[in-house]
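Visitor: Hi! I'm new to reading protein structures. Could you walk me through this one?
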Amino acid sequence: MTGAGSWSLVIADGVQLGRPIFEFFTPVMEVIFYSLAAISTLVFALGIFLKVRKYWRGKHEMRFDHLPRRIARSVRLVAQNATVAKRDRYAGTMHFMIMWGFITLFLGTVILALDYDLIRPINPNWQFYRGDFYSIYKLVLDTLGSVFLVGLIAMMVRRFSFRLPQLNYKRVDRPVGSYDRRPYKVGDIIFIGSLVLLGLTGFLLEASRIAHDQPITMVWSPVGSLVSKLYLWAGLTPPQLVITHTTLWWIHVTLALTFVAYIPFSKAVHILADFVNITLRDEKAGIALPPIPEEPAPAHPGYREIGDFTWKHLLDLDACTKCGRCHVACPAQATGAPLSPRDLILDLRDHADERLSFKAWLSQRTLPIAASEDGAMINHQVVAGGVIKPETLWACTTCRACVEACPVGIEHVPIIVEMRRSLVDAGEMEPKLQEALTNLSKYGNSFGVSDRLRAKWTKSLPFTIKDARKEPVEYLWFVGDHASYDQRLQEITRQVALVFQRAGVDFGILYEGERNAGNDVRRVGEEGLFQLLAEQNMKSLGKATFRTIVTTDPHSLNALRNEYGQLGGSYEVIHYTELLCRLIESGQLRFDRPLGYHVTYHDPCYLGRYNRVFDAPRDILKALGVQVTEMGRCRENSFCCGAGGGRIWMTETNTQERPSVNRIREAIALGNAKYFVVACPKDVIMYQDAVKTAGYEGQMVVKDIIELTYEALEAQAAVSVGDARTDTATQV
Ligand code: SF4
Ligand code: SF4
């Protein structure tokens with residue numbers, strides 16, 4: 001066999017145990033290869049430099065705390081592919097195969113380069129690319145290379161044939177024809193197509209060498225050996241096989257080097273960006289929003305321009321793989337509002353690239369003020385209200401379904417709230433919202449009612465609730481605005497008090513000392529008002545003596561539990577369903593007779609996704625003896641009622657149907673649920689309204705868990721009274 005100067009077939013005891021490197025190559029060809037490799041590496045490095053430079057221009061944000069723990073967690077998550085497989089087994093399995101195939105093939109190339117370019121020039125006797133190592137290396141690469149190809153082909157079929165809604169790039173905020181999605185589609189084809197070609201040419205290349213050399217080690221390359229039969233079957237002669245091998249080698253190597261150079265400038269960058277993004281993500285993204293920094297004080301609050309973004313949120317934009325999971329999870333998108341979290345991220349990414357990255361670096365140009373499709377002049381340098389329209393930002397319910405669904409740790413909710421902060425600062429909000437905020441600032445509630453009337457609902461109770469500011473209590477009940485002021489809810493609020501009293505709970509309230517907890521005020525983007533409300537509440541809480549705060553309102557629960565700590569207020573805060581569970585466990589609450597209803601339970605976003613309280617409501621329902629049929633979208637995958645993030649104070653913008661109606665239809669479709677059970681005052685209002693407007697009265701009744709609890713206790717009490725009367729009558 002003839003070969004170039006670099007020929008290095010390993011012979012041991014007359015048996016081939018390795019393979020030649022640069023087989024059939026001249027030294028000139030080797031020089032060309034190394035030159036191309038150097039160019040490819042330089043372009044890759046330039047791309048990474050431009051990316052880092054872009055992030056460098058973002059605002060400072062500390063994300064390197066607990067770094068070893070962060071890295072260990074993301075290595076585990078990424079190695080298992082857990083975030084990709086979480087909601088889509090098919091995509092998860094295929095991605096797992098592609099990722100591990102790619103990593104193995106990449107490591108295989110690195111091992112070969114180490115042996116050939118580093119070890120052998122130092123001392124040829126140290127080379128390890130031979131013998132048993134070589135055999136196992138071949139088997140592993142052959143196997144994982146096939147896994148890689150199968151995964152890619154299955155993923156291609158999924159992307160291009162299944163017509164999945166998450167992979168449809170149609171926009172919800174613009175008419176078809178007013179935007180161009182071809183660059184995304186072409187990018188997808190180039191990305192996945194180049195990987196498939198890399199895999200295929202790799203196997204064809206290996207097979208041509210096997211067909212020519214017929215090495216004894218071919219048993220360690222089962223797939224390559226099988227493919228080599230094609231050449232033999234086609235009757236290629238040894239010289240033809242040499243030409244085929246050399247041609248394929250150049251095609252494969254050119255593809256590989258082009259792919260390396262293309263990584264930082266394409267979707268392929270997620271190979272690098274996603275690991276970093278998952279490592280540095282905020283586990284409480286959206287749950288505890290960041291305050292506006294005091295030092296150095298920003299020129300304006302929130303994200304007005306792309307330069308206001310933190311470096312981490314700029315990285316978020318690059319991490320997006322366009323998988324569309326957030327798009328289909330979003331209640332705003334699903335019900336016709338002009339918001340898709342995927343499109344929002346992609347629009348911001350395009351803009352960031354225009355302003356801060358490659359194109360800007362090349363042209364250093366100032367982007368013009370341009371006309372939007374409705375004729376209004378918009379300043380494309382302004383992000384909040386310009387690149388991203390105000391109606392898109394106001395459509396968000398901050399339900400966090402997007403953050404939960406995103407496999408790469410993108411933080412949509414904080415990004416949206418930061419842009420809302422900018423809109424609020426500029427006074428760009430609808431009058432109804434403005435009025436609610438004015439009421440909140442004047443009266444401490446959005447109803448615009450005097451704080452002296454906050455506890456009016458207690459008047460018709462058969463007992464007086466303790467004022468926690470005047471006497472110590474074990475549980476301080478933070479009632480919340482809607483439960484206190486909304487007349488549709490006051491009977492339910494009284495039932496909470498009656499259940500607590502019957503269970504012997506030592507509890508009190510703050511009376512007029514309570515204010516709106518500020519959770520939704522903060523998510524609207526009115527950070528100053530949030531802080532004011534929180535400080536007023538903390539002042540009242542400071543006057544009270546209690547062990548635990550219990551609240552009926554999941555929104556208040558979130559602010560009190562996760563955000564007041566930023567202002568110095570750290571409390572143990574639980575939801576009333578968690579307290580009921582404790583009471584059931586301790587025997588303070590007992591239900592002797594099952595209610596026997598068929599119900600479905602809706603997880604409120606701020607109780608479930610935000611605070612992971614999934615089991616307590618279900619445990620209560622079980623204790624009450626009702627049969628729960630779960631809706632398809634339940635627990636962390638629950639569907640928002642549409643009231644969160646301040647949407648309850650805004651005009652309905654959805655053009656198709658309201659999220660609450662969409663949800664009621666899902667419950668109706670179960671066929672057997674009599675009650676739609678909730679654990680949030682806002683949900684009661686939203687869903688009662690939805691049942692009425694969608695014409696489902698008589699088919700579905702909305703109930704808070706406390707209503708069922710109260711009903712069970714009442715039924716029990718009635719039976720006890722009946723039994724007592726019977727006993728007395730018998731004695732008489
Ligand atoms: S938080 Fe909810 S409403 Fe807002 S973008 Fe995400 S999924 Fe959509
Ligand atoms: S933001 Fe996340 S979930 Fe949404 S398309 Fe991008 S990667 Fe997918």
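Guide: Happy to; we can go from the whole chain to some of its parts, keeping in mind that this is a predicted model.

Visitor: Great. How many helices and strands does the chain have?
Guide: There are 28 helices and 13 strands in the chain. Its C-alpha atoms fill a box of roughly 115 × 70 × 50 Å, taken along the principal axes.

Visitor: And what share of the residues is buried?
Guide: Of the 732 residues in the chain, 55% are buried.

Visitor: Which residues touch the most other members in the largest nonpolar core?
Guide: Those are Met419, Ile465, Trp477 and Phe500, in a core of 137 residues. Take Phe500: leaving aside neighbours within four places in sequence, its contacts are Trp477, Val505, Phe507, Val550, Tyr576, Leu579 and Leu580. Apart from that core lies another one of 23 residues, including Met29, Leu112, Tyr137 and Val253.

Visitor: Why would such residues gather like that?
Guide: In soluble globular proteins, nonpolar side chains tend to be buried together.

Visitor: New topic: which residues are closest to ligand 1?
Guide: Cys330, Cys396, Cys399, Arg400 and Cys402 are the closest, out of 13 that surround ligand 1. Two elements, α16 (401-405) and α17 (412-425), each give two or more residues to this shell. By class, the shell has 10 nonpolar, 2 polar and 1 charged residues.

Visitor: What about the strands: do β12 and β13 run parallel or antiparallel?
Guide: Parallel, with 4 bridges joining β12 (residues 675-678) to β13 (residues 701-704). For example, Val677 has Lys703 in β13 as its bridge partner.

Visitor: Which helix goes with them in the β-α-β unit?
Guide: That is α27 (residues 681-693), and the unit it makes with β12 and β13 is right-handed.

Conventions
Residues numbered from 1 in each chain as written. Chains lettered and ligands numbered in written order. Predicted model: local features only at pLDDT ≥ 70, side-chain atom pairs only at ≥ 80, totals over all residues. Heavy atoms only, no water. Core = buried A, V, L, I, M, F, W, Y, C linked by side-chain atoms within 4.5 Å. Buried < 20%, exposed > 50% of the residue type's maximum accessible area, 1.4 Å probe, protein only. Contact = heavy atoms within 4.5 Å. Near = heavy atom within 4 Å. Nonpolar A, V, L, I, M, F, W, Y, C, P; charged D, E, K, R; others polar. Pairing = 2+ DSSP bridges. Right-handed = clockwise from strand over helix to strand, strands pointing away.
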